[in-house]
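Please examine the sequence and the three-dimensional view below before reading on. The paragraphs that follow lead from aromatic rings to helix packing and then to individual residues.

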Amino acid sequence: MTERELIYVKTIADEGSISKAAQKLYLSQPSLSHCVQRIEESLGAKLFTRSPTGLTLTYVGERYYSVATEILHIYSDFQQEVGEMKSLRSGRITVGMATYLATWLLPQILPEFHRKFPHVSIALEEKSSTELEAGLASRHLDFAVMHSFANSTQQEKSSIAFYPISRSPFVLAAPVGSGLDRYACPDPESPYPVLDLAHVKDWPFVLVSPGRRIRQISDHILWQAGITPQVVLTTVSYETAHRLACQGLGLTFIPLQYKEIFQGPYPGEYYSIDAACSPYWDLCVAVARDSYISTAAQVFIHLLNDYFGNRMEWPGQ
């Protein structure tokens, strides 16, 4: 299998049509068809079958496509590694972050990075955690800075590797005068008293929309506490949920880190949560497993770790 043959078969499979693939590859359709025929003859098996919707892969074709994708990724990483200028006189990093994280992290580290490496450009993509994971899996992003779901068993099965930098707890936000303080006890490890969530099992909740990391952790906390919440509103914005909780629409969970960073005009009551509910998330660098980490990206990650966490082990070291 040559690189050209791998690209041809992968492009046909992606486009679902030899004619569309030929246009994308700047080849004539007969020439591309003849190339596929030669590959099939050498393998002794068909790669494609025709259907009303176009070409579909056979079982052998699916295996060929999988191998082709993996080999082309490896070759692309190798080319990047060989061609990279170790002096960092040039380069480009595509970084993914959640919007709130970018608001907090980038003003602290990006100016220093640009002072040291003014010719390395950074392309920033601000998306939800789910979208960032998809970008990593497709190798569209070099790496992402995101929060991982603490204690999630899914991480071990994921195609994405998470490298923790620091951990931050969640707190329960309630309106001033909620009366929950009479059930709370001092917490020596937190500025806020700890509350047994059994006392709020019948309270309404305002939660962040499903698919977002704050919602995943909120759902996990509630599940650990044995609570099926009465959700009066969902919102894409954690700050909207926070402010509505302070105004008494319903309780919500917020990261203590965000509460301290993004101070707002709405006073509220805050309560620590029992550690048995895993009420925290980890700030992580996330990369696709076995992907190449460029020198420029390594420098950025080290700088991030120096500012926000303890030294971590990650690919490239």
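Rings of Phe, Tyr and Trp form a pair if their centres lie within 6.5 Å, the six-membered ring being the one used for Trp. By this criterion, Tyr-100, Phe-170, Tyr-238, Tyr-258 and Trp-281 are linked by ring pairs into a cluster. The model shown here is a predicted one, and it holds twelve aromatic pairs.

One of these pairs joins Phe-113 and Phe-117. The ring centres of Phe-113 and Phe-117 are 5.3 Å apart and the planes stand at 55°, so the pair is tilted. Buried residues are those with under 20% relative accessible area. Phe-113 therefore counts as buried, at 0% relative accessibility, and Phe-117, with a relative accessible area of 17%, is buried as well.

A further tilted pair is formed by Phe-143 and Phe-300, with 5.7 Å from centre to centre and 50° between the planes. Which parts of the chain does this pair tie together? Phe-143 belongs to strand 5 (residues 143-149) and Phe-300 to helix 11 (residues 295-308), so the pair connects parts that are 157 residues apart in sequence. Both Phe-143 and Phe-300 are buried.

Gln-257 is found in helix 10 (residues 256-261) and counts as buried because its relative accessibility is 16%.

Helix 1 (residues 3-15) and helix 2 (residues 18-25) have axes that come within 8 Å and cross at roughly 125°. The two helices, helix 1 and helix 2, are therefore oblique to each other, and helix 1 passes helix 2 in a right-handed crossing. On the side of helix 1, the contact is made by Ile-7, Tyr-8, Thr-11, Ile-12 and Glu-15, while helix 2 supplies Ile-18, Lys-20, Ala-21, Lys-24 and Leu-25. The residues of this contact between helix 1 and helix 2 comprise six nonpolar, one polar and three charged.

Helix 2 also packs with helix 3, at an angle of about 110° and with the axes 9 Å apart. This makes helix 2 roughly perpendicular to helix 3. Here helix 2 contributes Ile-18, Ser-19, Ala-21, Ala-22 and Leu-25, and helix 3 contributes Gln-29, Leu-32 and Ser-33. In this contact of helix 2 with helix 3, five residues are nonpolar, three are polar and none is charged.

Most residues other than glycine have a negative phi. Tyr-26, however, has a positive phi, near 60°. Where does Tyr-26 lie? Its place is the loop between helix 2 and helix 3 (29-43). Tyr-26 counts as exposed because its relative accessibility is 77%. Arg-139 likewise has a positive value of phi, near 65°, and is situated in the loop between helix 6 (129-137) and strand 5. With a relative accessible area of 30%, Arg-139 is partly exposed.

Notes
Residues are numbered from 1 along each chain as its sequence is written. This is a predicted model: local features need pLDDT of at least 70, side-chain atom pairs count only at pLDDT 80 or more; totals for chains, interfaces and linings use all residues. Side-chain values use heavy atoms; hydrogens and water are left out. Axes are lines fitted to C-alpha atoms, for helices over the stretch in contact, and angles run from 0 to 180 degrees between N-to-C directions. Helices (H or I, at least four residues) and strands (E, at least two) are DSSP runs, numbered from the N terminus. Angles under 35 degrees count as roughly parallel, over 145 as roughly antiparallel, 65 to 115 as roughly perpendicular and the rest as oblique. A crossing is left-handed if the near helix is turned anticlockwise from the far one by less than a right angle, and right-handed if clockwise. Contact means heavy atoms within 4.5 Å. Ala, Val, Leu, Ile, Met, Phe, Trp, Tyr, Cys and Pro count as nonpolar, Asp, Glu, Lys and Arg as charged, and the others, Gly among them, as polar. Rings of Phe, Tyr and Trp (its six-membered ring) pair if their centres lie within 6.5 Å; planes under 30 degrees apart count as stacked, over 60 as edge-to-face and the rest as tilted. Buried means under 20% relative accessible area, exposed over 50%, partly exposed in between (1.4 Å probe, protein chains only).
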